[in-house]
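Trainee: Could we go through this model together, beginning with a loop and then moving on to the helices and the core?

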Amino acid sequence: MESSEKPKLVSDKEKIETAERFKKEGNEQYKAKNYKVAIGKYHRAIIQLKAVGQNRNIGNLMGLSADSTDIPTEVKDRTNTLKADCYNNLAACMLQQEEPSYEKIVEHCNNVLEASKGNVKALYRKGVACYHLKNYEEALEYLQQSKQNDTLTRKYLTLCKHGIAKQEQELRTAYKKMFTQPT
């Protein structure tokens, strides 16, 4: 490319369309239980969505004509909805892995809940991840907020209550040892 040529910036519309395509491909891979491939697709979609609105900054730096106005509300809303969907789907995929990164799952669910506070699936997935991180009280809170009443949710609610009881018993035992005088 000659120095006089100016690179073409990818429009926000194109970025959103690409993200939608990656999300759709991720959904197909999830249904086929190809979780690792699905995770890659959702990550690619999120990368596209994070770039929405960046043309304004890059264009100004490079001397290109870029729309200097704010991102239209409908574009922001669509971007945020898509991003939340992709983070939620990422969390779902990661829960299916042999060795899930529960911390990352919580992080992805937090991203969803930031955009959609009462998202039932994100609340449930965050609750499950918190359970596996032994944050039983927090897990119980999120699972209850999810208002799901299926067998698996009830199982996790019961497991959380048992985990809380066990932690309380261990704490009582530890305190008892601290304050018991040796004879």
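**Loop, helix and core**

Mentor: Lys 33 lies in the loop between α1 and α2; helices here are DSSP runs (H or I, at least four residues), numbered from the N terminus. This is a predicted model, in which local features need pLDDT of at least 70, side-chain atom pairs count only at pLDDT 80 or more, and totals for chains, interfaces and linings use all residues. Residues are numbered from 1 along each chain as its sequence is written, and side-chain values use heavy atoms, with hydrogens and water left out.

Trainee: What phi does Lys 33 have?

Mentor: Its phi is positive, about 65°, although Lys 33 is not a glycine. Lys 33 is exposed, with a relative accessible area of 60%; exposed means over 50%, buried under 20%, and partly exposed in between (1.4 Å probe, protein chains only).

Trainee: Which residues of α1 are buried?

Mentor: They are Asp 12, Lys 15, Ile 16, Ala 19, Phe 22, Lys 23 and Gly 26. Seen down the axis of α1, these fall within an arc of 125°, so they line one face of the helix; the arc is taken from the directions from the helix axis to the C-beta atoms. On the other side of α1, Lys 13, Lys 24 and Lys 31 are exposed.

Trainee: Now the core: which residues touch the most other members of the largest one?

Mentor: Ile 105 and Leu 143 do, in a nonpolar core of 42 residues. Such a core is a set of buried Ala, Val, Leu, Ile, Met, Phe, Trp, Tyr and Cys residues joined through side-chain atoms within 4.5 Å.

Trainee: Which helix gives the most to this core?

Mentor: α4 does, with nine residues.

Conventions. Helix = DSSP H or I, 4+ residues; strand = E, 2+ residues; numbered from the N terminus.
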